[in-house]
Amino acid sequence: MRINKFLSLGLILIVALAATVACSDNSIDTRVTPLEEPAMSFPVDVTNERVSAGENIYARNCSSCHGPVNGRPTLPGAPAHGDAGHTWHHPDRLLFQWILDRPPLATTMPAFRGTLSEEEVAQVLAYIKSSWLPEIQDRQNEGSVQYEAQVVEFGSE
Ligand code: HEC
């Protein structure tokens, strides 16, 4: 009886110790690599490779609602991405997140997480960015850089 009690006390101690070790391991992991943080640097680089890959991705996944990248949307209510639209008013980090996980309060826009990889989202974004007038590209790029400075200071949430 006494030995049994002793044994179970020992067992509880071992379990508690294992749990402590497991927990401290976990918290170290989450701090080093936050799960939600995309492995992407912003503003996204607009390279020729990304733009041409993005053109195909756009044609297959986006133009059915948004229309041609610099034209009128096909679906009423879908925003135009071109110079006349509002897409360029937003920094790359937000556009990237919205394409992956839907814009806030979206009713129609699907999430592409699971359909497109993060690199493919960067490619379609590079394609959209490449369609803007050079001065609009410059302004949007400036906004993206400023937004990143805020993210460094205050975090992305
Ligand atoms: C089923 C139609 C549909 C498809 C497909 C679709 N969108 Fe959208 N998208 C919308 C609508 C509608 C909105 C406005 C928010 C809402 O009500 O859902 C939107 C919003 C957005 C926005 C934020 C608004 C802005 O300022 O531009 C971005 C960025 C965007 N879409 C990009 C894309 C990209 C890139 C793809 C393809 C990978 C895509 N969308 C595919 C319908 C669609």
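Where does Cys62 lie? In this predicted model, for which local features need a pLDDT of at least 70, side-chain atom pairs count only at pLDDT 80 or more, and totals for chains, interfaces and linings use all residues, Cys62 lies in the loop between helix 2 and helix 3. Residues are numbered from 1 along each chain as its sequence is written.

The chain has 157 residues, and its secondary structure comes to six helices and zero strands, giving the pattern α-α-α-α-α-α along the sequence. The pLDDT, which is the predictor's confidence in each residue on a scale from 0 to 100, averages 85 over the chain, and 75% of the residues score at least 70. Over residues 19-24 the pLDDT is below 50, and this stretch has zero contacts in the model beyond near neighbours in sequence, a contact being a pair of residues whose C-beta atoms, placed from the backbone, lie within 7 Å. Where pLDDT is low, the predicted coordinates should not be read in detail. Among the contacts in the chain with a separation of 6 or more, 65% are accounted for by residues 24 or more positions apart.

Burial was assigned by counting the other C-beta atoms, placed from the backbone, within 10 Å of a residue's own: 20 or more make the residue buried, 12 or fewer make it exposed, and counts in between make it partly exposed. By this criterion, buried residues make up 21% of the chain. Helix 2 (residues 48-61) has 14 residues and reaches 20 Å from its first C-alpha to its last, close to the 20 Å expected, where the expected span is 1.5 Å times one less than the number of residues. The buried residues of helix 2 are Arg50, Gly54, Ile57 and Tyr58, and they pack against helix 3 and helix 5 (118-130).

The largest nonpolar core has 16 residues, of which Phe96, Val124 and Leu125 touch the most other members; such a core is a set of buried Ala, Val, Leu, Ile, Met, Phe, Trp, Tyr and Cys residues joined through C-beta atoms within 7 Å. Helix 2, helix 4 and helix 5 are the elements that give two or more residues to this core, and the largest share, seven residues, comes from helix 5. In soluble globular proteins, nonpolar side chains tend to be buried together. When residues up to four places away in sequence are not counted, Val124 touches Gly54, Ile57, Tyr58, Cys62 and Ile99. The C-alpha atoms of Cys62 and Val124 are separated by 9.1 Å, although the two are 62 residues apart along the chain. Cys62 counts as buried because 22 other C-beta atoms lie within 10 Å.

Cys62 also belongs with Cys65, Thr87, Ala106 and Met109 to the closest of the 24 residues that surround the ligand, a residue being near a molecule if its C-beta atom, placed from the backbone, lies within 6 Å of it. This shell divides into 14 nonpolar, ten polar and no charged residues, with Ala, Val, Leu, Ile, Met, Phe, Trp, Tyr, Cys and Pro counted as nonpolar, Asp, Glu, Lys and Arg as charged, and the others, Gly among them, as polar. Helix 3 (63-66) and helix 4 (92-101) each supply at least two residues of the shell.

Several backbone features fall in loops. The peptide bond from Phe42 to Pro43 is cis, with omega near -5°, and Pro43 lies in the loop between helix 1 (2-32) and helix 2. In the loop between helix 4 and helix 5 is Arg102, which has a positive phi of about 80° although it is not a glycine; Arg102 is partly exposed, with 16 other C-beta atoms within 10 Å. Leu105, found in the loop between helix 4 and helix 5, has a positive phi of about 65° and is exposed, with 6 other C-beta atoms within 10 Å.

Helix 6 (residues 134-154) contains Ile136, which is partly exposed, with 15 other C-beta atoms within 10 Å. Leaving aside neighbours within four places in sequence, Ile136 is in contact with Asp83 and Trp88. Ile136 and His89 are 9.3 Å apart, C-alpha to C-alpha, and 47 residues apart in sequence. Helix 6 is followed by Gly155, whose phi is positive, near 90°.

Note on methods: Helices (H or I, at least four residues) and strands (E, at least two) are DSSP runs, numbered from the N terminus. Two residues are in contact if their C-beta atoms, placed from the backbone, lie within 7 Å.
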